[in-house]
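Please open the model in a viewer and keep the selection tool at hand. The stops below follow one another, each with something to select and something to look for.

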Amino acid sequence: MAGKHLTKSIDLTGRKIGLLTVLERMDDNHRGQMQWRCKCDCGTPEKIIYDKHLRNAATKSCGCLHRVMLIKRNATHGKAKVPEYKPWAGMKDRCLNPKNPRFHNYGGRGITLCPEWADINTFIADMGPRPSLGHSIERRDNQKGYSPDNCYWATREQQQNNRRKNKYITFQGLTMTIAQWARHLSIDYSTLQARIKRGWDIEKALTSNVLVKPSFVKEGCHD
């Protein structure tokens, strides 16, 4: 609801500006700038937007229009024809477009896209050329987003093998792979893996004192 610190302004409540619907006036910020709570047609959470940005139509969406324009801009620069374009565009859409049918498994659950990869040229520079049309983007840690240190080109067989090898452990309401538990608890990966293979009780395996010096568990280590 609107607060007490308000300056005079024409009421924008209910106005439609681009994809935005103005819901209500909010408190002015600490600089005395007028603000409005708005809802975007794309379905993303409501946003607070400055009055002047609405009046001069500088802001017409929650940011989704800008993302669409970036994709179109890259397509018009000929990048739509390169092998890397399709997986890049699919990755962006899953993370940034709430209307994507797979959004709930990606952007909707916090899987992010590093800002630099909004530019396909930066994406290709970081990932390198796509080895073949049979390769797609694979994340080393499925709990993390798309970024240079967490992604690589993988064949379908590699992706299936990676998923097949993953062993998930649920403890105290949290489900992770052995590698993720090792990182989370600062336990040496090989020590924890050996305990599980020997049939240790999960609680004992995860909470017993570590008998060897913890070592760094590389990203992408699969169980």
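Buried here means under 20% relative accessible area, exposed over 50%, and partly exposed in between, with a 1.4 Å probe and protein chains only. Helices (H or I, at least four residues) and strands (E, at least two) are DSSP runs, numbered from the N terminus. This is a predicted model, in which local features need pLDDT of at least 70 and side-chain atom pairs count only at pLDDT 80 or more, while totals for chains, interfaces and linings use all residues. Residues are numbered from 1 along each chain as its sequence is written, and side-chain values use heavy atoms, with hydrogens and water left out.

Select helix 4, residues 120-127, first. Its buried residues are Ile120, Phe123, Ile124 and Met127. They lie on the same side of helix 4, because they cover an arc of only 95 degrees around the axis (the arc of the directions from the helix axis to the C-beta atoms). At the start of helix 4, the backbone nitrogen of asparagine 121 has a side-chain oxygen of aspartate 119 within 2.9 Å. After helix 4 comes glycine 128, with a positive phi near 85 degrees.

Next, display the nonpolar core, a set of buried Ala, Val, Leu, Ile, Met, Phe, Trp, Tyr and Cys residues joined through side-chain atoms within 4.5 Å. The largest such core has 18 residues, and Phe123, Met127, Trp88 and Tyr146 are among those with the most contacts inside it. Helix 3 (85-96), helix 4 and strand 6 (151-155) each give two or more residues to this core. Helix 3 gives the most, with five residues. Apart from this core lies another, of 13 residues, including Trp181 and Leu192.

Now select tyrosine 146. Not counting residues up to four places away in sequence, tyrosine 146 touches, among others, Met91, Cys95, Trp117 and Cys151 (contact means heavy atoms within 4.5 Å).

Turn then to the cysteines. How many disulfides does a search of the whole structure find? It finds zero, a disulfide being a pair of cysteine sulfur atoms within 2.5 Å. The sulfur of cysteine 95 is 9.0 Å from the closest cysteine sulfur, in cysteine 151, and is therefore too far for a bond. For cysteine 151, the nearest cysteine sulfur is that of cysteine 114, 7.9 Å away. Cysteine 95 is buried, at 7% relative accessible area, and cysteine 151 is buried at 5%.

Finally, select strand 3 (residues 35-40) and strand 4 (residues 47-50), which pair in the antiparallel sense over four bridges; pairing requires at least two DSSP bridges between two strands. Glutamine 35 stands opposite tyrosine 50 in strand 4. The two strands form a hairpin with six residues between them, and glycine 43 in the turn has a positive phi of about 95 degrees.

Definitions and conventions:
A polar contact is a pair of N or O atoms within 3.5 Å; within protein, one must be able to donate a hydrogen and the other to accept it, and residues adjacent in sequence count only if both atoms are side-chain atoms.
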